[in-house]
Amino acid sequence: MKSVEEIKAAIEAAVPGAVVKVILNPAPNAQHSLLIDAPHAVAVAEFLRDDDELALDFLSNVTGVDFLDKEIAEKVKVTRQVPKEVDGVQQMVDETVEETRKRVEPGYLEAVYHLFSVSKKHGPVIIRMRTANRTDLVELPSLTPIWRSAEFQEREVFDLFGIVFTGHPDLRRILMWDEFKDHPMRRDYVEPDDYEYEPTAHDDVLKRAQAHKAKVSAGEVSQ
Amino acid sequence: MSPSGIKTEKLAGWNRPPVIESDGEGELLEVAMGPHHPSTHGVFRMDVVLDGERVIKLKPVFGYLHRNHEQLGERQSYLASMPYTDRLDYFCSLTNNWAYALAVEKLVGQEVPERAEYLRVILAELTRIQNHASTIGFLLQEMGASGTPLMYAFREREKILDLFESLTGSRMMCNYMRFGGCRVDASPAWLEATRKVVAGLPAFVDEFERFLMTNEILMARCQGIGVLKPDLAVNAGISGPMLRATGVNYDIRKVDHYGIYDRFKFRVPLGDHGDIYDRYMVRMLEMRESILILNQALKDLPAGPVMDPKAKIRNFRPKAGESYGRIEAPKGELGFYLISDGGPNPYRYRVRPPSFINLTVLEDMCLGSNVADVVLIFGSVDIVLGEVDR
Amino acid sequence: MAVDEKLKIELGKQGVMVTTIQELYNWGRRSSIWPMQFGLACCAIEMIATTMARYDLARFGSEVFRPSPRQADLMIISGTVTKKMAPQVVRLYNQMAEPRYVIAMGACAISGGPFKQGYNVLKGIDRYIPVDVHIPGCPPRPEALIQAFMTLQKKIDEQHLTGEDRPRHLDEQAPGEFNVPEFGEHDLEPPSNPGTWTVPKIIQ
């Protein structure tokens, strides 16, 4: 089978304008993946399926991954002018200091597709797509028109992670009930307070139990 | 080129199930089959629209056994997820263990000792036999053979469960495999008992076949019903006996050569029509091939450790990376997708459930057939709800 | 009013059977408990194994699994009850005719078991319906389920038809319908039935 770099080159040759990035996997199995851009995703997927040499006709696995907003603290060298007395004269002198700056890297949701070829018996080729952020720009193109096997799996990703797949024929909640709000597999999901007391609660469990008890005595919840 | 040899340029028309028009006479009847229905293998629900007896729409409804397996897997250590994998497909806990162990071993580059590999093959093939026997028993139960074939299947299943119990300590939830081997070694007495059970299995399969293969009711109700075309099967990600019943030669034991499957001589049974009868026959023949593998594995089983002494059990923290490991479970391709961020818990823990994905084409297979056949078509998919909903 | 045991045996030797209505009634009840054919998860497989040849539940008069709740006496909660499934379980229980009994089979049905921390798992079915027998195990072995049947039979044997401690189906005041929870935005509404379940105390 072709290496990821060769697949990348083949995609870029076949789909003009497609932006493909190789994401290296440091684990010993070396299952590297390709990050494809959302606007060209359907065309890229169609190429991967119909190309005679790749023939990735079997979409095995679709899943979502949630990456939270990351606060990155980095040390930057800054040059600024400081007043200094040089030879008895007050003047401004350049000085380089190190400064820690914090910036927030926006998180994103990722959809990962594992492709295999049944006719050529090779694989996996892993493609991924990323949303712009985790709150409002969570749309990705659906690959169900290319591989039918994505139908239920994309619904599941929508249900649990909240990625909206445009072009999906039947995008509804699949595992949770329809009235459910929120997406429970996101990493910042807060569970409902249906806490079961344990007779000998301790640590975290005791804290949650006491918080719940306070709520009960304040009359916020019944029991 | 599609696997069946038919050149299908674009599969666009296959993307949705065909629309079936009602004949315009009488009213349409909407039936919710499940989540409590004796034929749904647990808590599965199908919303069926009927025109008389004919199914013109069928929508599966999932989630009645959604136990948050994936979230629990991300909250606990790698090893702690092992007993939870038992409860995915609770008929085949040992193959689930293997798939998960394989994914983690791929993540860290862990080797597995010879003897452990052989034990894994022995246990996986025993699991396959008891799963297929039970599936056929349940299929016949849904055909109206209330109880009897299932009793034959469970009689054999109990013998295999006894072996599991004496080796692992539990009948169903075995929790036997570890990253880099198996938990305990098999004693000579256990191997002797296994040989005895395996020696009795061909007689059981013969008996089962003699009763069922040419049974008129079985043939009338299964042949030509619930036909699945190979192109759609591949496109919809169908795997396992259901894919092979359509004639597609794709067995992960042969394709990936995971474990030590390339050392054994066995054939991959293939169907021709993709109907219920083919699915039943593929399972029947797979049991025979599994017996062949078992005999070879029991003959060649080497001595040695069952656990890699260098394998890390406590404080297991894989380096950052990801891995996708898959095996040919009795129900199809069972895969585990893990992302590690270097911590003690997986960052992402995903199960690729064969039962769930095999249901993608349930509507396509059922449309136009009678409502009584829906039960059979559904039974021939062979699902376990613990895996469908996780 | 119980009959004197010695007198009973003596009369039995002479071909006279003496019993009380209560004994006869309870004997009839306990000897043919028909369970509902209702499987939820892993434990259901052990439940099926119990009815099969090796464990043979028929010895206890309980082999007739009824697909309809209207014909069943016993509901075996065999497996994890998820929040999505809980309203259906309560509804099925409501549809059963009295006298009806419930066995909570396995850790999940009792308390949520290994899946207790999940966002979609109900932490014990006794939050909504009264349970007669709990059997621990994950899953309980078929022998354990048989033990549960025997415990239930013992319980039925000991019930008094009149008086304060009479069973629910002979008590006009006892509730017949149980509140079916509804799907809320995050959890079931209400999260438990206060008439059936109260919060366990915390030991500080």
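In chain B, 71% of the contacts with a separation of 6 or more join residues 24 or more positions apart. The model is a predicted one. Of the 390 residues in chain B, 58% are buried. The secondary structure of this chain consists of 15 helices and eight strands.

The overall dimensions of chain B were also computed. Taken along the principal axes, the box filled by its C-alpha atoms is roughly 70 × 50 × 45 Å. The radius of gyration of chain B is 21 Å, and this agrees with the value near 21 Å that a compact globule of 390 residues would have.

Two helix pairs within chain B were examined. In one of them, helix α3 (residues 93-108) and helix α4 (residues 114-143) of chain B have axes that come within 8 Å and cross at roughly 135°. Because angles over 145 degrees would be needed for a roughly antiparallel pair, α3(B) is classed as oblique to α4(B). The crossing of these two helices, α3(B) and α4(B), is left-handed. On the side of α3(B), the contact is made by B:Leu94, B:Thr95 and B:Trp98, while α4(B) contributes B:Arg120, B:Leu123, B:Ala124 and B:Thr127. By class, the residues of this contact between α3(B) and α4(B) are four nonpolar, two polar and one charged.

The other pair is formed by helix α11 (residues 276-300) and helix α14 (residues 371-381) of chain B, whose axes come within 10 Å and cross at roughly 30°. With angles under 35 degrees counted as roughly parallel, α11(B) is therefore roughly parallel to α14(B). A left-handed crossing is found for α11(B) and α14(B). The residues in contact are B:Ile276, B:Arg279 and B:Tyr280 from α11(B), together with B:Leu376, B:Ile377 and B:Ser380 from α14(B). Four nonpolar residues, one polar residue and one charged residue make up the contact of α11(B) with α14(B).

The contact between the chains involves 38 residues from chain B and 32 residues from chain A. On the side of chain B that touches chain A, at least two residues each come from the helices α1 (69-75), α3, α8 (230-235) and α12 (354-358), and from the strands β6 (321-329), β7 (332-340) and β8 (348-352). The residues on the side of chain B that touches chain A comprise 17 nonpolar, 11 polar and 10 charged.

How values were computed: Residues numbered from 1 in each chain as written. Chains lettered and ligands numbered in written order. Predicted model: local features only at pLDDT ≥ 70, side-chain atom pairs only at ≥ 80, totals over all residues. Axes fitted to C-alpha atoms, helices over the stretch in contact; angles between N-to-C directions. Helix = DSSP H or I, 4+ residues; strand = E, 2+ residues; numbered from the N terminus. Parallel < 35°, antiparallel > 145°, perpendicular 65-115°, else oblique. Left-handed = near helix turned anticlockwise from the far one by under 90°. Contact = placed C-beta atoms within 7 Å. Nonpolar A, V, L, I, M, F, W, Y, C, P; charged D, E, K, R; others polar. Rg over C-alpha atoms; globule rule 2.2 N^0.38 Å. Buried ≥ 20, exposed ≤ 12 C-beta atoms within 10 Å, placed from the backbone.
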